[in-house]
Amino acid sequence: MRAVLSLSLPLTLWLAGFSGLYALHGLFCSSRWVEGSAVLWQRPVLIGVGLLLIGAQLILAVALQSKRWRAEDRTLRRVSFLLSLAAAGSTVWILLPLVLVTGCR
Amino acid sequence: MSSLKRHRALSRIWASDPGWKGWFTTVNHTDLGRMFLTVAVFFFVVGGVLAMLIRAQLATPRSAFLGPEHYNQVFTMHGTIMMFLFAIPVFEGFAVYLLPKLLGSRDLAFPRLTAYGFWCYVFGGSMMIFSLLWGIAPDSGWFMYPPLSSTLGAPGINSDFWLIGITFVEISAIAAAVEITVTVLRYRAPGMSLSKMPIFAWYALVTAVMILTGFPPLILGSILLELERAFDMPFFQAAAGGDALLWQHLFWLFGHPEVYIIFLPAAGAISTILPVMARTGLLGYGWIVAAAVALGVLSFGLWVHHMFTTGIPHLGLAFFSAASTLVAVPTAVQLFIWIGTLAKGAPRLHLPMLWLLAFFATFVIGGLTGVMVAIVPFDWQVHDTYFIVAHLHYVLIGGFVFPMLAALYYWLPHFTGRKTYFNLGPTAFWLVVIGFHGTFLLLHWAGLLGMRRRIDSFEPGQGWEAINLIASVSSFVMAIGFALIAIDVIVSVLASVRGSRDPWGGSTLDWAMPTPPAAYNFASLPEVSARDPLWADPDLPAKIARGEGYLGDWARDRRETLTVEVTTGAPRYVVVFPANTGFPMAMSAVTGLFFLGLLTKAYWLVPLALIGVVAMALYWVWGLLPRRGEGAVPVGRGLSLVTAAEVADPPGWWGSLFLLLANGTFFGSLLFGYSFYWTIAPNWPPPAYAELSLVGWALLALGVVLALLGTRGGAGAGHALAVLGTLAIAAVGARVLWLVPDPTVHAYDATVWVLVGYGILHQGIAALMNGVIVARGIAGHGAETWQGPARIARLWTDYGGITAVLAYGAAVLPGALS
């Protein structure tokens, strides 16, 4: 079962982070995030959460390759590593809009 | 013991009932797989005829072939049938038929559940077809967006057929998904570790988990919309605190993963067939597994790209646009691996290979237009136009139907044990492929020229006439091609001569048995030591037939197979399968009465049918375990193993675990909907919130403690305490409902009824499960002391306790905060 978890955890973390970021963005928009106003903390918070997510992805990637948690099977270990990389890359990719796009318009 | 004697003995033990009775009482996966596929093909024909009606209507401007009302029903049912009654069941059919054969097992994990799921599919599908024949079919499009599908836009029974019929059919999908997940993880040949599994099994596993997590939001949405239609609970009415947009979220939380639920099994078939056609091993097994898992998870982060025109803020759009482009990466990884495999091998242009080449040409076009519509400004231009219609047909027909036709022709000799007779396949291939591209390629242009989807007629002079005429003529060419395939297959099944056992030189265990396969699959279960077992050991089929594997001895005269350790494939325990029975069909018929009562508003029938289903489920559970254990039994090759009844993690525990995954997704979707109302929906807050007293909280805490500790007590008395605990939790739920007497006032009240009702329902389930264990103890069954049933009851009790606290908490939280 550890092997199955090592395959499913990285991208599941990505999905949870992605959904969480979207939900947070929705919450900010439903409160008072007006572009150009004095209140500018929302975007840094979102970016901060995103960076935390990337950190968590990297920690998970390292943990899943450690002796304690890694899958015993070599093929599965490699697949788990590929998926960890994919999850970290995907997190970076979805963070780009946070920097580039306007908030609630 | 001769091979023939073994074959006769095992055939007697595993055979379905003879004659017509066998159709209704079979629990054998080979029979049920064929039945799934046959019924799915029937629905494909119905859906295809509807497509022809659509194209006949749109062949010329101002056509009066179909009136608007009939046209609405026809296009709605075309989409509904193809998505729900054809595509998913075809995957189920292939998986049910093939998986045990590919994995080296004798049947799926829960044979009676397979049969129950099949009959739910047949009855639910029949309900939908009945509505079509009577002219009262759903007519709001296969998305069923409210308010078009609510009582305001569709006051008749039409939408109810969709909402209730689809929910009924989805029981089948969830049942099959649980079945497939447990089978892939546990029911494999000894030695078959996860990394030696056939690639189709990986795809089936990912798809099944996607069904378990993708379908519950749709089931929830259907229940909420039906509750609104039947009892005026305003989930999607903005004036009463609801929001029609929530339907779109719930629908597409299902709907986008659904695309990959359809594509991934096809990709599994491609990854299986293509290396055999290329006469080489699959390049990059690990990469393919990673790509399948990545596609499966990423596809859950894309649902909003179907909602780009609903007024979502730019940043939200950009999130989903970025995520939508991400899926191109694992898809491309698979495509390059398949191309690489072809380059590495020496491909033969047999018919399955032709269909795979058609897949490449078509699916790549569909994939590229998919990337185009992932870009927000482009999507705004083509949303709800024929560009989208063309795109989705390129993806679904190119990405699913063509590979499935490759699979049909690849495994046809396995299904029938015969050669093809007329060799109509190549002619049919060209007719379908040319007809398909003639139909849909130009429709991209029609969409770019502004032709909206779902219109029943159009005015001349907009540049659409020639495109639509060519599309309609081509669609009939495609239909002739499909008719030829049907003739080819039927003649091959009925009249052709016997073929060889493994005509393609396949590498997987499905070709290690005589064809058509015997009911028991393998005379003895093989020991697997390579990813391509037949290429590694060409003598394996003979060894299996000679009984040199496991369970080759039939002395115990019952249906047995082995389960293995999830990762390593080491043998774990023996599973004894049930005999033929009509019980699953009868139970699905009673389930059908429940849905029929809801559909026809004969509400007196609903509780009666529900009691019937519960009683039958209890009878089913009661018969699952023997009265006494038998200790370790010999399984061959010097090994002895205990039976499933005596282990801590029997198949039922695994099945419960994955059923709870689906259940948890359902509950999570409900909480998502509630938060959506709370933060986004207009007309909040409601007039009043429910508030629970201190006594209520104390009783809830007491109930949870009793329930959780009781199931950990181990003895009968502990489970009796757990029953008391669940009843206490249910009583608190009843109190919360008492505080919100009218669920029609506001979406908050309606949601509280659903949340708390869910909590109470699960207390009922937990109480019944613990009650069964207590009753077994009273009846003197040794099972009382076995860990398996107690752990299953604990799983459900824990889940019920946690979700009840969350549900009640969510119900009263806004009141506490305000």
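Accessible areas here come from the Shrake-Rupley method with a 1.4 Å probe, and for residues only the protein chains shown count as cover. With that settled, I looked up the surface of chain B, which exposes about 28,300 Å², carbon and sulfur atoms supplying 71% of this area.

I note that the model is predicted, that local features need pLDDT of at least 70 and side-chain atom pairs pLDDT 80 or more, while totals for chains, interfaces and linings use all residues. Residues are numbered from 1 along each chain as its sequence is written, chains are lettered from A and ligands numbered from 1 in the order in which they are written, and side-chain values use heavy atoms, with hydrogens and water left out.

Next I turned to the fold of chain B, where I find 25 helices and four strands, read as DSSP runs (helices H or I, at least four residues; strands E, at least two) numbered from the N terminus. The C-alpha atoms of chain B fill a box of roughly 80 × 75 × 45 Å along the principal axes.

I then checked burial: 62% of the 818 residues of chain B count as buried, meaning under 20% relative accessible area with a 1.4 Å probe and protein chains only.

Last, I looked up chain A, for which UniProt, in an unreviewed entry, lists residues 47–64 and 76–100 under "transmembrane region"; such annotations may be inferred rather than shown by experiment. Residues 47–64 of chain A are 100% helix and 0% strand, with end C-alpha atoms 25 Å apart. Residues 76–100 of chain A are likewise 100% helix and 0% strand, and their end C-alpha atoms lie 37 Å apart.

Conventions. Buried means under 20% relative accessible area, exposed over 50%, partly exposed in between (1.4 Å probe, protein chains only).
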